[in-house]
Amino acid sequence: MTSRGTFSDEPLSPAGRLFIDPKTDVVIHCIAISKNPIDLDVAKTALKSSVLVQHPRFCSLLVRDENGFEHWRRTELDIDRHFLVINNRLNKAGKFVGEHETQGFDDDEGDGEAAVNQYVADLSVSSPLSMDKPLWELHLLKAHKCVVFRIHHALGDGFSLMSMLMAGSGKVDVPAVVPAAIPPIKTEGIMSGKRRDWLWLLSLLWGVFKMVRYTLVFVLEFVVRSLFVCDRKTVISGGNGVELWPRKLATAKFLLEDMKEVKRAIPNTTINDVMLAMVSSGLSRYLEHRTPNALHEGLRLTGVAMVNVRANPRLQELSEVMETNSKARWGNKFGATLIPVFHHKGGNNPLQYLKRAKVMNDTKKHSMEAYFTYKIRDLVMTLLGPKYVCLLYYKLLCNTTFTISNFVGPLEHITLAGHPISNIKFNTSSLPQAISMHMLSYAGRVEMQLLVAKDIIPDPEFLAKCFQDALLEMKTAAIATNKA
């Protein structure tokens, strides 16, 4: 929508401009499954009084001024225009079926999940949000007790949207009470518990040296990868134009307690280390299944992860996020980092994947790669404009194999609009890569949404099983190690 800018308009952020370019246009899909049938009137009433409709981003149109710059402009919100109600049941192909066609359909056997997944997969390709209203909508699949939130990434990143989800939810036993946000990590000052002597000074200098070294190496690699260096082509590689190919969506399911069991096998290991090990092992299993003995040992596959660069990376209260000078401010505050995983044919010790993942993650923690890529993006946007930033990011996605994200969700079951929620998961619209992996934890479980180009990866359910089997194999090895 083109319009003359006004004094009250708020300019779009650099990251927001990245996400509205046709090549890098991204819509976030959040799937919430209710335990009970969803009452449309109750849902609409709750939405009208929710924090969502009070947030300026969700009540603003995206407009362009005469110079081509994008702005947010407040508008009158019509809730009914943002609801799409679907009464019919969907089949596994994501198509509507009549009542006489539902015999043999079993939600408990995964038919309902497969139907909703395919419906969202179809939305992920060439289904942009209308620009004549604020950039979000809700699809209510009544027969599946499911709501699909479609939110344009220009409105905010996962941190911002999760803060809003928490603010708009309630506890199951006391729906009027907002669940507590995840408590911040307790950190000590840099001098706490350490002797202020020359040994401490040497340790500090060594840490600074490693930070500078790793940052230079990783940022240089990021730039080179964005320009011309690409992964070796495999059966799961995407490329230019693949974002327009039809998609399939599958779900891999894990128990958070299983990940904690694996984590305990190696000191100072994190859940992120376990997840990366699981991805590396799972992809190796899948590649060996599709192309037995065709790939050499140690083949590198590169992923792209978006990393929160806020000063306080933990979830905050929405009021804190909305403050102008807050360190956890609303918006798209993230940088990109490259995540290398390596193909291995397995061996006697599946925990080797965990050891390799920990080494890689530890080096990333010592760098400021995400912060510098965040600043580089803003600098290029300021000097050259969004066209060149979008080309660089699109090229980066074409030169890598997968996108991965991981987010900590509610620690306990929640209610939304008075409806108890049994399941929450999310994914984004399609990218040039043939596979995107999005993980979210909820009430002790972790679900990974696998969005794939179905002409390249025709069996995402088997890929999901590869990831699940990889974690269970590491858990068995970890239990034996922990007992030893």
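A disulfide here is a pair of cysteine sulfur atoms within 2.5 Å. With that cut-off, a search of the whole structure turns up zero disulfides. Cys-146 is in no disulfide, and the nearest cysteine sulfur, that of Cys-30, sits 9.4 Å away. Cys-146 is also buried, with a relative accessible area of 0%; buried means under 20% relative accessible area, exposed over 50%, and partly exposed in between, using a 1.4 Å probe and protein chains only. Cys-59 counts as buried too, at 4% relative accessibility.

Some housekeeping before the tour: this is a predicted model, where local features need pLDDT of at least 70, side-chain atom pairs count only at pLDDT 80 or more, and totals for chains, interfaces and linings use all residues. Residues are numbered from 1 along each chain as its sequence is written, and side-chain values use heavy atoms, with hydrogens and water left out.

Let's start with the sheet of seven strands. It is open, with mixed pairing, and its order is S5-S8-S9-S2-S16-S15-S10. (Strands are DSSP runs of E, at least two residues; helices are runs of H or I, at least four; both are numbered from the N terminus. Two strands pair if DSSP finds at least two bridges between them.) Strand S5 (83-86) and strand S10 (169-171) each have a single partner strand, so one side of each is left without a neighbour in the sheet. On average, neighbouring strands are turned by 35° against each other, direction ignored. Strand S2 (residues 27-34) and strand S9 (residues 146-152) run antiparallel, joined by seven bridges, and Ile-31 has Val-148 in S9 as its bridge partner. Helix H2 (residues 40-48) packs on this sheet, touching S5, strand S8 (136-141) and strand S16 (419-428), where contact means heavy atoms within 4.5 Å. Helix H4 (residues 111-123) packs on the sheet as well, touching S2, S5, S8, S9 and S16, and its direction makes about 160° with that of S2. Such angles run from 0 to 180 degrees between N-to-C directions, with axes fitted as lines to C-alpha atoms, for helices over the stretch in contact.

Now for the sheet of six strands, also open and mixed, in the order S11-S18-S17-S14-S12-S13. Strand S11 (247-255) and strand S13 (334-342) stand at its edges. S11 runs antiparallel to strand S18 (residues 445-453) over nine bridges, with Phe-254 partnered by Val-446. Follow Ile-404: it is the bridge partner of Ala-305 and stands opposite Met-437 in S17. Helix H13 (residues 460-483) lies across S11, S17 and S18, at about 20° to S11.

What about helix on helix? Two packed helices are described by the angle between their axes and the distance between the axes. Helix H7 (residues 256-263) and helix H8 (residues 271-290) come within 9 Å and cross at roughly 100°, and are therefore roughly perpendicular. (Angles under 35 degrees count as roughly parallel, over 145 as roughly antiparallel, 65 to 115 as roughly perpendicular and the rest as oblique.) Helix H11 (residues 369-384) and helix H12 (residues 386-399) come within 7 Å and cross at roughly 140°, which makes H11 oblique to H12. Residues in that contact include Val-380 and Leu-384 from H11 and Leu-392 from H12.
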